[in-house]
Amino acid sequence: MSVNKNRITLDIEDVPKNYVNIVPYLSEPLAPPIDPGTGEPASPDVLTAIFAQECVRQEATQDKLVKIPTEIREALMRFGRPSPLQRAVRLEEQLRTPARIYFKREDVSPTGSHKLNTALAQAYYAAKEGTERLATETGAGQWGSAVALACSVFDIEAMVYMVKISYEQKRYRGTLMRSFGATIVPSPSDITEFGRKILKANPDHPGTLGIAISEALEDTLSREDTKYTLGSVLNHVLLHQTVIGQEVIAQLESVDEKVDTLIGCVGGGSNFGGMVFPFLADSRFDDVDYIAVEPTACPTLTKGEYKYDFGDTAGLTPKLKMYSLGQNFTPPKIHAGGLRYHGMAPTISALVHEGRIKPIAYDQVEVLHAGVLFAKCEGIIPAPESAHAIKAAIDRALYAKRNNREETIVLNLSGHGYFDMGAYDSLLSGSLSSEEGSLPKGEISIAREQTA
Ligand SMILES: Cc1ncc(COP(=O)(O)O)c(C=O)c1O
């Protein structure tokens with residue numbers, strides 16, 4: 001183990017051996033997915049038509065720990081785990097805060113974000129069960145890139161439906177995915193019935209994650225050789241991400257640091273859940289504040305309703321009990337494409353509902369300014385999604401300064417932004433305005449009425 005207190009690394013064999021399951025730690029049993037046809041809890045058969053069997057098993061497990069197969073651990077090690085925990089020393093100096101700010105470096109993954117943690121697991125399970133092809137959607141392209149690489153590692157095909165606005169804003173993401181051997185189409189596309197229906201109504205539709213999920217599901221259900229893979233929201237996905245939080249616990253312990261506040265951005269909840277669940281499952285951390293950061297353009301936790309809703313726009317998924325803005329909600333075209341999702345992980349939703357996790361929302365202009373300050377101080381361009389966590393950490397550190405309070409803050413740097421230069425370019429050239437990322441009046445209530 002390294003003794004550098006500002007860049008804490010672990011040995012390779014410290015990659016966690018188990019995933020930590022938050023479900024048995026919730027104060028009430030987690031509401032099950034509901035089959036919209038019967039109104040009853042969805043049967044595992046419905047789910048195994050879509051997902052790898054092992055993922056379906058993990059989705060419902062009450063086991064506190066789930067063993068990580070050797071093949072997955074080795075793949076995690078090969079692609080850079082354990083990831084460093086770094087102290088933002090220059091950012092602290094710039095803010096003149098007594099707070100200590102650490103960031104977990106999920107940006108060092110070869111595909112640029114935390115998403116590879118679950119992509120490797122899901123591709124492994126699918127390949128082991130004889131699946132030849134995985135279909136999925138991607139927002140900003142981070143998830144699609146992770147699936148593309150993971151499928152190449154375990155020798156299966158990858159089919160990615162990429163939200164059209166991101167496909168256009170982040171062209172080279174597509175190139176990266178194709179380099180790993182995946183097939184990419186902009187969504188809504190003309191190769192699925194649902195995509196054609198959306199395009200007929202609006203040929204210029206920018207796409208949403210909900211629509212792209214519907215297309216990937218339609219693709220999956222129409223082929224024998226294909227399973228679907230999801231990069232967020234579901235229990236098994238957040239479970240795979242808990243390697244993050246377990247590493248952070250070991251890293252803080254190694255320098256005798258006691259954490260006060262954990263911060264992460266939330267799209268569907270996977271990087272945040274992955275970091276905070278191991279803490280929430282451990283009573284030593286009962287006093288920690290957990291802050292989930294979302295965009296004001298897609299304010300699922302701060303303005304959504306806690307109810308059963310579909311995970312996609314077409315209504316192909318079982319209904320999940322979660323905070324939602326409605327399956328038809330179309331967020332403005334903000335640069336943090338990975339945070340443009342109408343719903344939220346049922347586990348995160350339950351913890352917000354219990355008051356254990358506090359949600360907060362920021363506008364994209366203030367978020368990207370925080371990203372630029374972080375880049376100047378720490379030399380890393382954060383993904384626009386991760387910049388939400390940075391903005392919240394900065395505000396928290398300034399609050400500590402006003403109150404002359406020492407505090408240890410850990411944020412999850414869920415990814416880098418080197419494919420997101422368009423976002424920073426529009427900020428720095430002065431062409432990005434708050435209105436661009438703000439919700440048209442009445443947008444949430446309209447989406448709610450449509451889904452009521
Ligand atoms: C870098 C990055 N961070 C965060 C997210 C949001 O997803 P989640 O809430 O599942 O972590 C995404 C999604 O694409 C992402 O690419």
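The largest nonpolar core of this predicted model has 130 residues, and those with the most contacts inside it are Leu 120, Ala 123, Val 147, Ala 150, Cys 151, Val 160 and Ala 393. Helix H5 (residues 116-128) gives the most to this core, with nine residues. A nonpolar core here is a set of buried Ala, Val, Leu, Ile, Met, Phe, Trp, Tyr and Cys residues joined through C-beta atoms within 7 Å. Because this is a predicted model, local features need pLDDT of at least 70 and side-chain atom pairs count only at pLDDT 80 or more, while totals for chains, interfaces and linings use all residues. Residues are numbered from 1 along each chain as its sequence is written.

**Core and burial**
- Apart from its neighbours within four places in sequence, Leu 120 is in contact (C-beta atoms, placed from the backbone, within 7 Å) with Ile 72, Ala 75, Leu 76, Ala 150 and Val 153.
- Of the 452 residues of the protein, 57% count as buried, meaning that 20 or more other C-beta atoms lie within 10 Å of the residue's own.

**Overall fold**
- The protein has 19 helices and 15 strands, which are DSSP runs numbered from the N terminus (helices H or I, at least four residues; strands E, at least two).
- The C-alpha atoms fill a box of roughly 55 × 50 × 45 Å, taken along the principal axes.

Methods
Buried ≥ 20, exposed ≤ 12 C-beta atoms within 10 Å, placed from the backbone. Contact = placed C-beta atoms within 7 Å.
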